[in-house]
Amino acid sequence: MLDTAFTRLVGCSVPIQQAGMGGIADAPLARAVSDAGALGMVNMVMVPATEVAARLEVMAEQTDGVFGINFLMPFLDVAAVEASAGVCRVVEFFYGEPDASLVARVHRGGALAVWQVGTAEEARQAEGAGCDFLVAQGVEAGGHVRGRLGVLTLLAQVLDSVAVPVLAAGGIGTGRAMAGALAAGAAGVRVGTRFVAAAESPAHPAYVDALLGAGSGDTVVTTAFSVMWPDAPHRVLASCVEAMKAFEGDVVGEMRMGDMSVPIPKGAVPCPRKDTTGAIEAMPLYAGESVDAVTRRQPAREIVEELAREAERLLRGWA
Ligand SMILES: Cc1cc2nc3c(=O)[nH]c(=O)nc-3n(C[C@H](O)[C@H](O)[C@H](O)COP(=O)(O)O)c2cc1C
């Protein structure tokens, strides 16, 4: 029942993609998701291309599952794209105009090319650029949000506009929501916020606690955290916007970059990780409307299995 155009194309057994998430989608999380039969994704922002290739090679040795890498267009390193395409099953882009030359580079390396889109027009462009599947991101999504429409409205528009498989993203944290998206024609779902609270996630414990204590009504789309990445709306917990505005000083804390500790300016984009110090509550606590479904810390495998089991049960009852 959960065999879809996406699972067949990618070679996984569960139609779930763990969202690429800057600062969160490290190898241990992606590997756990891949091992559970879904598509695990990594992010390696600011990592040199040679190092990206080396880390992906290690990952390939450590899992029999499929995995991919996510690139944010405003921070794109083309050499890293090329280095990834020979190792990953999926190379994915977000937040920039679909680019046929990038897609061609991915295909030359042997990977599938994917674009996360926020409008039907962007979906048509991404398909025209040669992408193998797309992700339609609704405004319910945590993190940076491309579109302005609810996920089911956007999904319908995108499905009417393109022929390639389309995943639904944004606010999907339960088997119920997953079943809804699949019944509406999605070939799979992309899940972000739930995996921030996975046991394998590098998120700061205070960030995870804030997710555990929050509900869908506690998130807001803002441009409050725009240092390093201006004019890019993002969905976070409303509490962190208030805490950031009330914070006195220009530096909210420090984060690790390789062997170095670097200051985090007030209003900057990186979310707090375990090794981040400072006013965690005043840093961007990205969260989608799916935050309702974050009720405990649990292994990524459990999240994948719970969603798949519940979606399948509901779809069987419905069919
Ligand atoms: C902490 C966090 C970081 C994110 N970073 C990225 C990113 O680097 N690249 C990207 O394509 N999407 C990013 N997103 C958005 C996700 O790809 C996805 O659209 C979103 O998580 C789906 O909504 P959900 O969080 O309700 O599941 C991020 C989301 C979160 C929660």
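**Close-up of helices α4 and α5.** In this predicted model, helix α4, spanning residues 78–85, and helix α5, spanning residues 100–109, have axes that come within 7 Å and cross at roughly 30 degrees. Because angles under 35 degrees count as roughly parallel, that crossing makes α4 roughly parallel to α5. The crossing in which α4 passes α5 is right-handed.

**Residues in the contact between α4 and α5.** From α4, the contact is made by Val-81, Glu-82 and Ala-85, while α5 contributes Leu-102, Arg-105, Val-106, Arg-108 and Gly-109. Sorted by class, the residues in the contact of α4 with α5 comprise four nonpolar, one polar and three charged.

**The two domains of the chain.** The domain assignment of the chain places residues 5–200 together with 294–318 in domain 1, and residues 205–290 in domain 2. The centres of domain 1 and domain 2, taken over C-alpha atoms, are separated by 23 Å. To the contact between these domains, domain 1 gives 23 residues and domain 2 gives 17 residues.

**The side of domain 1 that touches domain 2.** Two or more residues on this side of domain 1 are given by each of the elements β7, through 143–144, and α9, within 193–196. The largest share of the side of domain 1 that touches domain 2 comes from α9, which supplies three residues. By class, the residues on the side of domain 1 that touches domain 2 divide into ten that are nonpolar, ten that are polar and three that are charged.

Definitions and conventions. Residues are numbered from 1 along each chain as its sequence is written. This is a predicted model: local features need pLDDT of at least 70, side-chain atom pairs count only at pLDDT 80 or more; totals for chains, interfaces and linings use all residues. Domain bounds come from an automatic or database domain assignment. Two residues are in contact if their C-beta atoms, placed from the backbone, lie within 7 Å. Helices (H or I, at least four residues) and strands (E, at least two) are DSSP runs, numbered from the N terminus. Ala, Val, Leu, Ile, Met, Phe, Trp, Tyr, Cys and Pro count as nonpolar, Asp, Glu, Lys and Arg as charged, and the others, Gly among them, as polar. Axes are lines fitted to C-alpha atoms, for helices over the stretch in contact, and angles run from 0 to 180 degrees between N-to-C directions. Angles under 35 degrees count as roughly parallel, over 145 as roughly antiparallel, 65 to 115 as roughly perpendicular and the rest as oblique. A crossing is left-handed if the near helix is turned anticlockwise from the far one by less than a right angle, and right-handed if clockwise.
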